[in-house]
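Please look at the sequence and the model together, and work through the questions below one at a time.

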Amino acid sequence: MQQFIISFLIATFITLTGSTPAHTEIDPLHTLTEITTTNQLPLTGWEVTLKETIHTTDFEQIVNDKKNSYFVSRTEDENSIIFNFVSADKPALITTQKRMIIAKENPGQIELIAVLKGDSWNESVQQEYDETRKNLLNKLFHANVKSFTCIEVIEDDTIGNRAIMENLTESLQLVHIEEQYDSYEMSKLKKLIYGYTPLWNDKFILEGIPYNVQIATAEKEPGELVYTIGTPILITEY
């Protein structure tokens, strides 16, 4: 799953809302992975993105603090300077990537991004994920961090399309369900489903209706469907 791809519709028309900080809510990843485990849905990947824009003049100090424990790469384009931090620790059960984007027009404005991801889920993975996320929230981010979560489920021989959607709809208590179909013949994306669950506070408002769940179904291989489930919006390429 690749990060930071948002559809034109979402980027143009939504307003994210939510009064509860991400670190005090029930973690959506815990809920989604529990659903897959309970319903024996074949999980093939998960990803959590934390994002925040801060205003500071101490960005050099932030970079220097990270250089001791992380490999750093620096790239630059006409609009921004980008620092990438990759953990130099021993191999882990999950992958953690951190990025700082500094706008050239306003160097005091920094976008902090952290992406945690993996291709499996069990007690050991959950423990490492919880510890890593907690450290990031305590040491890197501030009060206005936004969290975006998605998981990937594949349809196998024993679980069909109807069963997966029924399990997700019931488990997430989805309402305001809307469906969009991709009419482009060569597209692997088959359908995009929007809905609202009361399980989480964050949501976006579209024409006065709240939504905070997106499910994309795409054909990964001929006859093989992949479901990408995200909250509050999908910011991954599906």
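Q: What kind of residue geometry follows helix α2, and near what value is the phi of Q40?
A: This is a predicted model, in which local features need pLDDT of at least 70, side-chain atom pairs count only at pLDDT 80 or more, and totals for chains, interfaces and linings use all residues. Residues are numbered from 1 along each chain as its sequence is written, and side-chain values use heavy atoms, with hydrogens and water left out. Helix α2 (helices are DSSP runs of H or I, at least four residues, numbered from the N terminus) is followed by Q40, whose phi is positive, near 55 degrees.

Q: Which backbone nitrogen does a side-chain oxygen of D27 reach at the start of α2?
A: At the start of α2, the side-chain oxygen of D27 comes to within 2.9 Å of a backbone nitrogen, and that nitrogen belongs to L29.
The residue L29 is also among the buried residues of α2, where buried means under 20% relative accessible area with a 1.4 Å probe, protein chains only.
A: Strands β6 and β7 (runs of E, at least two residues) pair in the antiparallel sense over eight bridges, pairing needing at least two DSSP bridges. They form a hairpin with five residues between them, and in β7 the bridge partner of M100 is L112.

Definitions and conventions
Buried means under 20% relative accessible area, exposed over 50%, partly exposed in between (1.4 Å probe, protein chains only). A polar contact is a pair of N or O atoms within 3.5 Å; within protein, one must be able to donate a hydrogen and the other to accept it, and residues adjacent in sequence count only if both atoms are side-chain atoms.
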